[in-house]
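Please look over the sequence and the structure before turning to the notes.

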Amino acid sequence: MSKKWVSLSTLLVLMLIVGWWLISPHFLDETVNEELPPTIEGAETTSAEEMSDERSEDAQARHHSGMFVNADENHQASGDVTTFQTNNQQWIRFENFEVTNGPDLYTILVKEGQSTREGTILGKLKGNIGNQNYRIPESTFLEEGDRIVIWCKAFEVDFGFAELFLKE
């Protein structure tokens, strides 16, 4: 009988852990407020305007932006998305960002014709609220119509997305 109780106790503890992992994001928000990445090695930029002045015309020509929208009525997202380049590295920045929290959320770059699962993972979502930056891989080129998707990997569900448009 004691083995049976140990097995039941272990099962109960595992169920509580998994339950907390699934449910806690609905009650807890993770807020971040990242600064802009430095535009010159060792120097920090405090405003997008200063950053824009330091970019080349070529980098400005590839500047994209968009706004987050809800994936559905249960998964809301809002905020602005902007791309920029520093030190030959391409970045995407979320500002005034907020999304419904959930387990196992990732930031995904999705090309036209791709499903979210086929997109490029830019990283685990740093927080469901606040300003944050993600580096875009060197081999990836942004195009108008690409989407940035907040995706729950565990359940393969989109929480929100932003379509990128060229910004003049």
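This is a predicted model: local features need pLDDT of at least 70, side-chain atom pairs count only at pLDDT 80 or more; totals for chains, interfaces and linings use all residues.

Residues are numbered from 1 along each chain as its sequence is written, and side-chain values use heavy atoms, with hydrogens and water left out. Helices (H or I, at least four residues) and strands (E, at least two) are DSSP runs, numbered from the N terminus.

**Strand pairing**

- Two strands are said to pair if DSSP finds at least two bridges between them.
- Strand β9 (residues 157-163) runs antiparallel to strand β2 (residues 64-70), and 3 bridges join the two. Within this pairing, G160 in β9 stands opposite N70.
- Strand β8 (residues 147-152) also pairs with β9 in the antiparallel sense, over 6 bridges. Here V149 has F161 in β9 as its bridge partner.
- The hairpin of β8 and β9 has 4 residues between the strands, and E156 takes a positive phi near 50° there.
- Strand β7 runs parallel to β1, with 3 bridges between them, and I129 in β7 stands opposite T31.
- Strand β7 is also joined to strand β4 (residues 89-99), in this case by 6 bridges and in an antiparallel arrangement. F94 has Q132 as its bridge partner in β7.
- As a general point, side chains in a regular strand alternate between the two faces of the sheet.

**Salt bridges**

- A salt bridge is a side-chain nitrogen of Lys or Arg within 4 Å of a carboxyl oxygen of Asp or Glu. The structure holds 7 salt bridges.
- E34 and K126 form a salt bridge whose closest N and O atoms are 3.1 Å apart. E34 lies in the loop between β1 (31-33) and α2 (48-54), and K126 in the loop between β6 (120-124) and β7 (129-136), so the pair ties together parts that are 92 residues apart in sequence.
- K111 and D146 form a salt bridge with the closest N and O atoms 2.8 Å apart. Because K111 lies in the loop between β5 (105-110) and β6 and D146 in the loop between β7 and β8, this pair ties together parts that are 35 residues apart in sequence.
- R117 and E156 form a salt bridge with the closest N and O atoms 2.2 Å apart. R117 lies in the loop between β5 and β6 and E156 in the loop between β8 and β9, so the pair ties together parts that are 39 residues apart in sequence.
- Salt bridges that share partners join K111, E143 and D146 into one network.

**Aromatic rings**

- Rings of Phe, Tyr and Trp (its six-membered ring) pair if their centres lie within 6.5 Å; planes under 30 degrees apart count as stacked, over 60 as edge-to-face and the rest as tilted. The structure holds 4 aromatic pairs.
- The rings of F68 and F94 are edge-to-face, because their centres are 5.0 Å apart and their planes are at 80°. F68 lies in strand β2 and F94 in strand β4, so the pair ties together parts that are 26 residues apart in sequence.
- The rings of F94 and Y134 have centres 5.2 Å apart and planes at 45°, so this pair is tilted. F94 in strand β4 and Y134 in strand β7 are 40 residues apart.
- Ring pairs link F68, F94, F97 and Y134 into a cluster.

**Buried and surface residues**

- Buried means under 20% relative accessible area, exposed over 50%, and partly exposed in between (1.4 Å probe, protein chains only).
- In β7, 6 of the 8 residues are buried, so this strand is largely enclosed by the rest of the structure.
- F94 is buried at 0% relative accessibility, and F68 is buried at 4%.
- T140 lies in the loop between β7 and β8 and is buried at 11% relative accessibility. Leaving aside neighbours within four places in sequence, T140 is in contact (heavy atoms within 4.5 Å) with Q90, L109 and K111.
- L11 has its place in helix α1 (residues 2-23) and is partly exposed at 45% relative accessibility.
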